[in-house]
Amino acid sequence: MDIYTIIIAAGSAAIGCVVALLLKGALGSKKLKNAENEAGLIVKGAKAKADSLIKEAGIEAKDLLFKMKSEFEAEAKETRSELKKAEHRLIQKEENIDRKTDMIDQREKEIAEKEQSLSDRDKTLANKEEKYNTLLSEQKAQLERISTLTADQAKELLIRAMENEARYEGAKLIKRIENEANEEADKKAKKIIATAIQRYAGDFVAERTVSVVQLPGDEMKGRIIGREGRNIRAIEAATGIDLIIDDTPEAVILSGFNPVRREVARLALIKLISDGRIHPARIEDVVKKAGQEVDTAIKEAGEQAAFDLGVHGIHAELIKYLGRLKYRTSYAQNVLQHSVEVGVMCGIMAAELGLKEKVARRMGLLHDIGKAIDHEVEGPHAVIGSKLAKKFGETPGVVHAIGAHHEDIPPSSVYALLVQAADGLSGARPGARKELLENYIRRIEDLEGIANGFQGVANTYAIQAGREIRVIVKSDKVSDEESVLLSRDIAKKIEESLTFPGQIKVTVIRETRAVEYANK
C-alpha cells in the first residue's frame with residue numbers, strides 16, 4: 001500500500017463525518033441517531049480499512065527493503081570475489097616477477113664468473129703463446145746458425161725436394177699402373193668398340209632450329225601475309241611458330257624452338273600453298289589436320305625405332321615421347337637416330353661382355369628420352385628422362401642407366417657405363433655432328449693454345465677433327481715420367497677450359513734423336 005491509499009481512507013472518514021452532520025440537521029433526532037450509528041459504522045470501517053492499508057504498506061515496504069538488501073549483499077559478494085581473484089592474480093604475478101628477478105641475478109652472477117674465467121684463460125694463453133714464440137725464435141735462430149740457411153730458404157729447399165720426389169714417384173706409379181691395366185683393357189676395349197662401329201653405320205639428317213618452305217613464286221608471299229597481315233598472324237597464332245618472310249627468293253623460313261610445332265607449321269603451310277585457299281578459317285582447319293598427321297608420324301616413328309631394335313613392352317605414352325625425338329636435334333645430329341645408334345652399340349657391347357643384350361638395347365634406346373620434353377620441364381635431360389621412364393613403369397635398372405648416362409647421378413652398374421660409352425661413340429664419330437667452320441677453327445686453336453701454354457712443349461698438333469691432340473715435348477726438359485704427368489695436366493686443363501661432346505685424346509710424344517754427319 002502506498003501513501004495515496006492512506007489519503008483516500010482518511011478522506012472517506014472525513015466525508016462520513018460530514019454526511020452524519022448533514023443528516024442530523026435534516027432528519028431529526030431519530031434519523032439523526034440512525035445516521036450517527038451508520039456514520040460510526042462507516043468511520044469504524046474506514047479506520048479498519050485504513051489500518052489494514054497501513055499494515056499492507058508497511059509489509060510491502062519491508063519486503064522491498066529486504067529484496068534491495070539481498071540484491072546489494074549479492075552484488076557486494078560478487079564484487080568481493082572478483083577483488084579476491086584480482087588480488088590473487090597480482091600476488092602470482094609478483095611471485096613470478098620475483099622469481100625471474102632471482103634467475104636474472106643468478107645468471108648475471110654466472111656470466112660475470114665466466115667472463116672472469118675467460119679473462120684469466122686469455123691471460124694464461126697469451127703468456128704461453130709469448131713463451132712458445134720466444135722458444136721457436138730461439139730454435140729457428142739456432143737452426144739457421146747450424147745450417148747457414150734462413151728459415152724461408154730451408155723451407156723452400158725442403159718443399160722443392162719433396163715435390164720433385166713425389167712427382168717422380170707418382171709418375172712412375174701412374175705409368176706402371178697404366179701399363180698393367182692397358183695390357184688387358186686396351187685389347188678388349190678396342191675389340192668391343194671396333195665391333196660396335198663395324199656392325200652399325202647409321203645415316204643422319206642434319207636439321208636445324210629453322211625449316212624452309214619453298215614457294216612456287218614470290219607473289220605467294222603476299223597471299224601468305226594476307227590483308228594487313230591477318231593470314232600470317234593466324235598461322236603464327238595457330239602453330240606457335242614465327243614466319244620469316246624476307247628477301248630470300250621463293251622461300252619462307254619457319255623459326256621455332258619446338259621442333260614438333262615447327263613440323264606442324266611446315267606441313268600446314270605446304271598444304272595451304274598447294275590448295276591456294278589461304279584465309280584464317282582455312283588456316284585453323286589445315287593446322288589441326290597437320291597436327292593430327294604429325295601425331296601419327298610421331299607414334300609410327302617411335303614404334304619403328306622400338307621394332308628395329310627388338311625392344312618390346314614399352315608404354316604407349318613413352319613410345320610417343322620417343323617418336324618426338326625424330327624432330328629433335330643435338331649439334332645437328334638427329335636425336336632419334338642417335339638413340340637407335342646408342343641402342344645398337346649397347347646391345348653389341350653387352351653381347352661381347354656376356355650381358356643381357358635386350359636390356360642394354362632398351363637402355364640405349366631410351367637414354368635421351370628426356371630431350372623430348374626438356375624444353376617444357378626444368379632440369380638436366382638425363383634426370384628428366386629417368387623420371388619419365390619411372391613414371392611409365394620401366395625397371396629400376398633402366399631408370400638408373402638413363403639418369404647416369406651424363407653422370408648427373410653416379411653410375412652403379414655395368415649397363416650404365418655401357419650407355420655412357422655408346423653415347424660418347426655415337427656423338428664423337430666423324431660426321432655425326434656438324435659445326436660451323438669458324439667454331440671448328442676456334443676450337444682447334446684453343447686446343448693447341450692450351451697445350452702450348454705448358455713448359456717444355458715444343459709443338460702441338462690437333463688432329464682427328466679435334467678429337468686428338470699430339471704434344472711434342474723437348475727431351476732435355478721433360479723426362480719420361482714427367483710426360484705422363486704432363487698429359488694428365490693438359491687433359492685436366494682442357495676439361496676445365498672447353499666444352500665439347502665425347503672425349504679428346506691427349507698424346508705426349510718425347511723422343512731423343514742422335515744426328516751425326518759423315519764427311520770425306
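Guide: Start in helix 8 (residues 316-324), where lysine 320 and glutamate 317 sit three residues apart, about one turn of the helix. Helices here are DSSP runs (H or I, at least four residues), strands are E runs of at least two, and both are numbered from the N terminus. An α-helix has 3.6 residues a turn, so residues three or four places apart point the same way.

A word on the source. This is a predicted model, in which local features need pLDDT of at least 70, side-chain atom pairs count only at pLDDT 80 or more, and totals for chains, interfaces and linings use all residues. Residues are numbered from 1 along each chain as its sequence is written, and side-chain values use heavy atoms, with hydrogens and water left out.

Back to the pair. Lysine 320 and glutamate 317 form a salt bridge, their closest N and O atoms being 3.7 Å apart. The term means a side-chain nitrogen of Lys or Arg within 4 Å of a carboxyl oxygen of Asp or Glu. Side chains of opposite charge can pair when their charged atoms come close. Lysine 320 is partly exposed, with a relative accessible area of 39%. Glutamate 317 is partly exposed too, at 32%. Buried means under 20% relative accessible area, exposed means over 50%, and partly exposed lies in between (1.4 Å probe, protein chains only).

Elsewhere, salt bridges that share partners join Arg282, Asp285 and Lys289 into one network. Within it, the side chains of lysine 289 and aspartate 285 meet at 3.6 Å, N to O. These two are four residues apart in helix 7, so about one helical turn separates them. Lysine 289 is partly exposed at 43%. Aspartate 285 is partly exposed at 32%.

Lysine 271 and glutamate 293 meet in a salt bridge of 2.2 Å, N to O. Lysine 271 lies in helix 6 (residues 259-275) and glutamate 293 in helix 7 (residues 280-309), so the pair ties together parts that are 22 residues apart in sequence. Lysine 271 is partly exposed, with 27% relative accessibility. Glutamate 293 is partly exposed, with 38%. A search of the whole structure finds ten salt bridges.

Along with helix 12 (396-404), helix 8 is included in what covers the buried residues of helix 11. Helix 11 spans residues 381-391, and its buried residues include His381, Ile384 and Leu388. Just after helix 11, glycine 393 takes a positive phi of about 85°.

Now the wider view. The protein chain has 15 helices and eight strands. Of its 520 residues, 32% count as buried. Contacts are heavy atoms within 4.5 Å. Among contacts with a separation of 6 or more, 61% come from residues 24 or more positions apart. The accessible surface comes to about 34600 Å², and 54% of that belongs to carbon and sulfur atoms. Such areas come from the Shrake-Rupley method with a 1.4 Å probe; for residues, only the protein chains shown count as cover.

One last stop is glutamate 95, in helix 2 (residues 29-147). Glutamate 95 counts as partly exposed, at 45% relative accessibility.
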